Amino acid sequence: MHDFIERITAYIHWAIFLLLEGLSGFLLFQYNHYQGSIWLTQANIVAAQVHKWEAHILSYLSMPTENAELTQRNIILQYDNDMLRHELAKLCTDSTNTQKALAKTLHGMTLIPAHIVNNSVRQKDNMLVIDAGSADGIQPEMGVVSGTGVVGIVSQVTPHYALVMSILNSHSSISCRLRDTEYFGYMKWKGGKTLRASMDEVPRHARIKKGDIVETSGFSNVFPPGIFLGKVAEIHNSSDGMAYELEILLSTDIANLRHVNVINNHSKEELDSLLAR
């Protein structure tokens, strides 16, 4: 008790000083109009700056959610745009028919947003992990896409996570086609560059040029037709000289992905049951 009293006595003069300073400041700004106006002006400036900092912090904290929403919107807009151009070129009729074709293609499909929590691009068989699983409606064999195109296929799921076989995997084989020619094949990754893949067994009579768009063919229940895969970068002869082997510049940089969406095709089970018969 004696020590406590000594400490209070030692610092009592500081407490009295601060109290008097506060009281004098109050009296100065309360009863002097000029000084009071200056105080209010400066106080408002400080308050405005604090609110600005608060807005920046809240904006930064909300960025992951906003990025996920933007990614999903980008996927939908890109898919709609690609399908619209494709259907316009094929139908060459009024917009009503094109809208009906688009609605039919997209019917029964929804996008489940997720974030990548683990990723590899340096291995022979690269995989990635997303933070959504069976509790979110994700099942094996569902397609995974980003705002720039195809990412991979779901391999395994737990209640809250899913393992995805990346397109940068030696076992990955995506059914694809050349948009302008309708010739189809399978896109595979043979290792090495993370932005390059190949499309084999393209017929010799196919008219191909660099820059042609490669997209999903729709010949599987994993991806709908028309999702962007990349562009033709190089045209090579196959080993037997009987076909072309195309080198594809991938549209999706797997190494820099953060947000993805899983395609839930509600008609998949029905289609799988027909194919299994």
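Modeller: Glutamate 141 is partly exposed, with a relative accessible area of 42% (buried is under 20%, exposed over 50%, partly exposed in between, with a 1.4 Å probe and protein chains only). This is a predicted model, in which local features need pLDDT of at least 70, side-chain atom pairs count only at pLDDT 80 or more, and totals for chains, interfaces and linings use all residues. Residues are numbered from 1 along each chain as its sequence is written, and side-chain values use heavy atoms, without hydrogens and water.

Glutamate 141 is not a glycine, yet its phi is positive, at about 75 degrees. It sits in the loop between strand S2 (125–130) and strand S3 (143–146); strands are DSSP runs of E of at least two residues, and helices are runs of H or I of at least four, numbered from the N terminus.

Glutamate 201, also not a glycine, has a positive phi of about 55 degrees. This residue lies within strand S8 (residues 196–203). With a relative accessible area of 58%, glutamate 201 is exposed.

Of its 277 residues, 34% are buried. Among contacts in the chain with a separation of 6 or more, 60% come from residues 24 or more positions apart, a contact being heavy atoms within 4.5 Å. The chain exposes about 17300 Å², with carbon and sulfur atoms supplying 59% of it; accessible areas come from the Shrake-Rupley method with a 1.4 Å probe, and for residues only the protein chains shown count as cover.
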